[in-house]
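Please keep the sequence and the structure in view while going through the points.

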Amino acid sequence: MSAAMDTLPDDADLTLSEDDRRELVQWTVACAERMLPFFLAERPHDSRPQEALDAAHAFLRGELSIDEVRERAFACHAAARESTDPNAIAAARVCGQAAAVAHMAGHARQVPRYTAKAFPGDRSRRDEELAWQRMRVPERFDHYVYDGD
């Protein structure tokens with residue numbers, strides 16, 4: 001493990017290093033992939049959230065630039081604005097925020113926030129999903145994501 005991987009991220013730094021962002025993208029995309037079905041239930045033919053997640057994977061493989069991933073994240077947020085179902089809106093936002101971490105690590109903080117909005121009236125399911133996320137956030141990023149701002 002490199003020295004950078006041992007260091008806790010600075011909570012005030014919304015950008016972080018590219019290595020840090022790559023580590024966070026792995027987690028945010030895993031979270032978003034679990035939320036995507038909520039969007040697809042309302043808009044099964046709208047591929048923008050999946051395209052944003054695919055772009056994040058391509059970024060991790062070194063195949064897409066940060067700007068290209070940002071474009072997909074913006075498109076994902078447009079899909080959220082065009083949705084009417086609160087679950088679908090929140091799921092699209094999770095996908096957009098997950099991909100946007102390639103550009104700015106601070107977007108990772110929005111993943112649990114939008115996840116919580118995907119379960120209006122189902123506190124048990126919301127808590128289950130949020131617990132799944134928190135158990136999987138890289139340990140050194142726990143405070144950054146959950147308490148950093």
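**Notes on the model**

1. Leaving out residues up to four places away in sequence, Ala91 touches Met35, Phe38 and Phe39, where a contact means heavy atoms within 4.5 Å. Ala91 belongs to helix α5; helices here are DSSP runs of H or I with at least four residues, strands are runs of E with at least two, and both are numbered from the N terminus. With a relative accessibility of 0%, Ala91 counts as buried; buried means under 20% relative accessible area, exposed means over 50%, and partly exposed lies in between, for a 1.4 Å probe and protein chains only. From Ala91 to His107 the separation is 16 residues in sequence and 14 Å in space, C-alpha to C-alpha.

2. On the basis of the work: this is a predicted model, in which local features need pLDDT of at least 70 and side-chain atom pairs count only at pLDDT 80 or more, while totals for chains, interfaces and linings use all residues. Residues are numbered from 1 along each chain as its sequence is written, and side-chain values use heavy atoms, with hydrogens and water left out.

3. The chain contains eight helices and zero strands, in the order α-α-α-α-α-α-α-α along the sequence. For 149 residues, a compact globule would have a radius of gyration near 15 Å, and the chain agrees with its 15 Å; this radius is taken over C-alpha atoms, and the globule rule is 2.2 Å times the number of residues to the power 0.38. Along the principal axes, the C-alpha atoms fill a box of roughly 45 × 35 × 20 Å.

4. Of the 149 residues in the chain, 46% are buried. Considering contacts between residues at least 6 apart in sequence, 68% join residues at least 24 apart.

5. Helix α3 covers residues 48–60, and its 13 residues should span 18 Å at 1.5 Å a residue; the end C-alpha atoms are 18 Å apart, which agrees. The expected span is 1.5 Å times one less than the number of residues. Among the buried residues of α3 are Pro49, Leu53 and Phe59, and their cover includes α2 (18–42), α4 (66–82) and α5 (86–100). After α3 comes Gly62, with a positive phi near 80°.

6. Which residue other than glycine has a positive phi, near 60°? That residue is Leu16. Most residues other than glycine have a negative phi. Leu16 sits in the loop between α1 (3–6) and α2, and its relative accessibility of 8% makes Leu16 buried.

7. Val111 is part of helix α6, residues 110–117, and is buried with a relative accessible area of 0%. Not counting residues up to four places away in sequence, Val111 is in contact with Thr28, Cys31, Val94, Gln97, Ala98 and Gln133.

8. Apart from neighbours within four places in sequence, Glu82 contacts Arg43 and Arg48. Glu82 and Arg43 are 39 residues apart in sequence, with C-alpha atoms 9.7 Å apart.
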